[in-house]
Amino acid sequence: MIVSIDLVCLRLTPKGIQVLLVKRQNPTRPDCGKWAIPGGLVYDEDWSTKGGDPADDDFDSARRRICRQKIHTYPNFISDPIVNGNPKRDPDGWSVSISHYALLNPSNVEQIDNSGMDKDRADWFDLEDLLKGEMNLAFDHSSQIKHAWSKLRAAVEYTSVVLFSLETEFLVADIIDAYAKFGVDVNRMTVKRRLIDTGVIVSANKLASSSKGRGGKPATVYRLPSKEVTYFQTCLRG
């Protein structure tokens, strides 16, 4: 059985959300030349004595290897696995995909930009266009993107997951803008009451160099206190 790990990598841009796609390069594998979400096979055999890679110890080590090889960064947030499988998704036979949605912050994006991959091999595409099915992607990757987006969109209003798309330090204005791009309207009072007062985000003990606070005053810089996602008992917009 073929087992692969696939990543629906998302970033925020001034215009909205984009998805990272890579062009398949191996002529011995199916759908060569098509755009695809980054991913790779789980290695269950040790090929290190023949010039290849060793077997993966577990799914986490496989995921880290695939990120290192395919996108040259480790996303700021990776979701719990979304498992799909059937005998038709890969022409080579029965296959199982362990997919994740992943949020990349600006530092992740910079690492990808600095990796040397040209836009013929890896590029960003608007999520909205992909959800409309305007590209013919490899395998079932269009449906994987749609499924991952539905899972992420459901989590946006009840968790702090959106904050992982921001840089390590951010402003209240950045939070409001990020949630708006994910389709959730929040205001400064909501951020204060639901995120600041509850300790979901904490002060970085500095002020922004630019005046982005109320009335043009220097704005407080915030950060996440840990890498753990916070779950809210009620909808964030409520």
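Predicted model: local features only at pLDDT ≥ 70, side-chain atom pairs only at ≥ 80, totals over all residues.
The charged end of Arg194 is placed over the ring of Phe232, at 5.5 Å from its centre.

Aromatic pairs were searched for in the whole structure, and 4 were found. In one of them, the ring centres of Trp35 and Phe125 are 5.1 Å apart and the planes meet at 65 degrees; the pair is edge-to-face because planes over 60 degrees apart count as such. Trp35 belongs to strand S3 (residues 35-36) and Phe125 to strand S8 (residues 122-126), so that distant parts of the chain, 90 residues apart, are linked by this pair. Both Trp35 and Phe125 are buried.

Phe77 and Tyr101 form a tilted pair, with 6.2 Å from centre to centre and 35 degrees between the planes. Because Phe77 is in strand S5 (residues 77-78) and Tyr101 in strand S7 (residues 95-103), the pair ties together parts that are 24 residues apart in sequence. Phe77 and Tyr101 are each buried. Together with Phe164, Phe77 and Tyr101 make up one aromatic cluster.

Helix H5 spans residues 172-181, and its buried residues are Val172, Ile175, Ala178, Tyr179 and Lys181. These buried residues pack against several elements, including the strands S1 (2-13), S2 (16-23) and S11 (220-223). Helix H4 (141-156) and helix H6 (188-196) are also among the packing partners of the buried residues of H5. After H5 comes Gly183, which has a positive phi near 90 degrees.

Key. Residues numbered from 1 in each chain as written. Heavy atoms only, no water. Buried < 20%, exposed > 50% of the residue type's maximum accessible area, 1.4 Å probe, protein only. Helix = DSSP H or I, 4+ residues; strand = E, 2+ residues; numbered from the N terminus. Contact = heavy atoms within 4.5 Å. Phe/Tyr/Trp six-rings, centres within 6.5 Å; stacked < 30°, edge-to-face > 60°. Lys NZ or Arg CZ within 6 Å of the ring centre and 35° of its normal.
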